[in-house]
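Subject: Handover of a protein structure

Dear colleague,

Please find below the structure that I am passing on to you.

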Amino acid sequence: MKKLSHHKSQRSKPQKNKGGFQKFARLSARWAGRPKAFGLAVFFILLWLVTGPFFHFSDTWQLVVNTATTIVTFLMVFLIQNTQNRDSEAVQLKLDELLRSTQGAHNALLEIEELSEQELDEIKDCYTKLAQRALADLRTGKSDLGTPDVKRKTAEKT
């Protein structure tokens, strides 16, 4: 990962990835999610149905649509997964930047997705307790705008 710099770089705009597969995956996923793509798929299914009587609804006629839909589905899974992974990572980085730049935020949460299930459960329990206290405060007319510290069991042991 490139090191971020607070100095102005020679480029005024962020450099976008112009790589082959990334670009193809993004464009394909965007196109596949449009109404025209859905319409095209419906058109091909209707065309297939109309040709049924001409082919006497044979096994080969049925195999054509089964094979075509299987191939398209198989390929789309990879394209959509690639796009989802990229979007998820971009959102995660944006959240990391918000955490990093927020005074009083716990920077240990920057890589929370790398923690074990047990560690995630401990942190979740801490936030659940904070939420319960805030709700209790609201019910008694107090404010819930405080920012109490999150205390974890592992932090208390060291």
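The notes below begin with the overall fold and then turn to a pocket, the aromatic rings, a salt bridge and a loop.

Please bear in mind that this is a predicted model, in which local features need pLDDT of at least 70 and side-chain atom pairs count only at pLDDT 80 or more, while totals for chains, interfaces and linings use all residues. Residues are numbered from 1 along each chain as its sequence is written, and side-chain values use heavy atoms, with hydrogens and water left out.

Overall fold

The protein has five helices and zero strands, so that its elements run α-α-α-α-α from the N terminus on. Helices (H or I, at least four residues) and strands (E, at least two) are DSSP runs, numbered from the N terminus. Of the 158 residues, 13% are buried; buried means under 20% relative accessible area, exposed over 50%, and partly exposed in between (1.4 Å probe, protein chains only). Among contacts (heavy atoms within 4.5 Å) between residues at least 6 apart in sequence, 46% join residues at least 24 apart.

The second largest pocket

Rolling a probe the size of a water molecule over the atoms shows where empty space is left. On a 1 Å grid over the protein atoms alone, a cavity is a set of points where a 1.4 Å probe fits but cannot get out, whereas a pocket is an open set with protein on both sides within 12 Å along at least five of seven lines; lining residues have an atom within 4 Å of a point. Grid points are joined across faces, edges and corners, and a volume is the space filled by probe spheres set on the points.

The second largest pocket holds about 520 Å³ of space. Its lining consists of 17 residues, with Leu40, Ala41, Phe44, Thr69 and Val72 nearest its centre. Helix 1 (20–32), helix 2 (35–51) and helix 3 (59–101) are the elements that each give two or more residues to this lining, and helix 2 gives the most, with eight. By class, the lining has 15 nonpolar, two polar and no charged residues (nonpolar: Ala, Val, Leu, Ile, Met, Phe, Trp, Tyr, Cys and Pro; charged: Asp, Glu, Lys and Arg; polar: the others, Gly among them).

Aromatic rings

Rings of Phe, Tyr and Trp (its six-membered ring) pair if their centres lie within 6.5 Å; planes under 30 degrees apart count as stacked, over 60 as edge-to-face and the rest as tilted. By this rule there are four aromatic pairs. One of them joins Phe43 and Phe44 edge-to-face, at 5.6 Å centre to centre and 65° between the planes. Phe74 and Phe78 also form an edge-to-face pair, at 5.1 Å and 75°; both lie in helix 3, four residues apart, about one turn of the helix. Ring pairs also link Trp48, Phe57 and Trp61 into a cluster.

The salt bridge

The structure holds one salt bridge, defined as a side-chain nitrogen of Lys or Arg within 4 Å of a carboxyl oxygen of Asp or Glu. Glu97 forms it with Arg100, the closest N and O atoms being 2.6 Å apart. Glu97 is partly exposed, at 32% relative accessible area, and Arg100 is partly exposed at 41%.

The loop between helix 2 and helix 3

His56 is found in this loop and has a positive phi of about 55° although it is not a glycine. Phe57 lies in the loop between helix 2 and helix 3 as well, with a positive phi near 50°. His56 is exposed, at 67% relative accessible area, whereas Phe57 is partly exposed, at 47%.

Yours sincerely,
A colleague
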